[in-house]
Amino acid sequence: MKKSLICVVLAMLMLASFCGVYAEEIVILYTNDVHCAYNQNLGYSSVKALKDFYESVTPNVLLVDNGDSIQGDVIGAVSQGEYIVDFMNAVGYDYAILGNHEFDYGMDQIAALAEKANYPYVDSNIVYTGTQGNKLDFVKPYVVHDFGDVKVGFVGAATPLSIATSTPTFFQEDGEFVYGFGAGENGEILYGLVQVAVDACKAEGADYVILLTHLGVESDSEPYRSIDVINHTHDIDACLDGHSHSVIPSQYVANDRGELIPLSSTGTKLIYIGVLTITDDGVLNTTIVNGDLPDSPEFDAAAAEITGDYEEFIAQVMATSNVDLMVSDENG
């Protein structure tokens, strides 16, 4: 345990009080850009413990990921993301979106990982124009989650820069690009695809719509930033972002009607976990948390099995040399 049990319980109760969480309220926990850091910083064990805690306070709890979870360290590379999906299943993720690095192992592999995942992928701006079969047909443009008397829609958006920042040939058939993300000179195609999905959520009775994005806020992503999408859409109640590794507890951004919408992002490698609350009187708040959170024995047991397979794999001798090899820190 990272702290004494009494300190942990007190900290959790203070967090629940700070976030205004009571039995009838909704909690959306979120992560982004984990990049295989399953046991670094807070780690997935703390994510699982935090979710379990909130579920003891209210039944209305979901956990979402905003992309770039399966790439970034050896454990992702050697399993082509499979071990990370195993971790995310053990944590209990409910929804995820595709970051640009979800494509790093190819379309066939991300399709296989989606089949293995216990959570659906949500992205509204994936466009397929090929003839050989859409490998990303598992992706939903949006989902509407029923919390009893309240419905919450989730709309995803992956960065149009995915093609340039992953492997371009993966998005092609016979040398022609057939997968796209609504890229255009001024961002209007992306904004339109997102708005169509938001409108569909509202038509299905969603009381709130949460935009899950892997777009980022850095200037070199303009006009495809999360800020740009909010500026050119409406009926979105909050945006949970990724891609630029930004630490944003809560930033208010104006939509195309001048209404201020909270935007939040948790940085990278689980240095923070995000908490979005929807109060019973309709107020949405976002924050990010870190510090001494407890571990989850349930997750730790599952992770031990997964990493056992991993450690056995990396312990295999791949090659030998009859020549003594030396490692030097000297520049030469």
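Colleague: In the hairpin of β12 and β13, which residue takes a positive phi?
Modeller: Five residues lie between the two strands of this hairpin. Strands here are DSSP runs (E, at least two residues), as helices are (H or I, at least four), numbered from the N terminus. With a phi near 85°, the residue you want is glycine 258.

Colleague: Good start! What should I know about the model and its numbering, and from which number do residues count?
Modeller: This is a predicted model, where local features need pLDDT of at least 70 and side-chain atom pairs count only at pLDDT 80 or more, while totals for chains, interfaces and linings use all residues. Side-chain values use heavy atoms, leaving out hydrogens and water, and along each chain, as its sequence is written, residues are numbered from 1.

Colleague: Over how many bridges do β12 and β13 pair?
Modeller: Two strands pair if DSSP finds at least two bridges between them. Valine 247 has threonine 266 in β13 as its bridge partner. Strand β12 covers residues 247–254 and β13 residues 260–266, and their antiparallel pairing runs over bridges numbering six.

Colleague: How many residues of helix α2 are buried?
Modeller: Helix α2 spans residues 43–57. Buried means under 20% relative accessible area, exposed over 50% and partly exposed in between (1.4 Å probe, protein chains only). Among the buried ones are Gly43, Val47, Leu50 and Phe53. Of the 15 residues in α2, which is mostly covered, the buried number is 11.

Conventions. Expected span 1.5 Å × (residues − 1).
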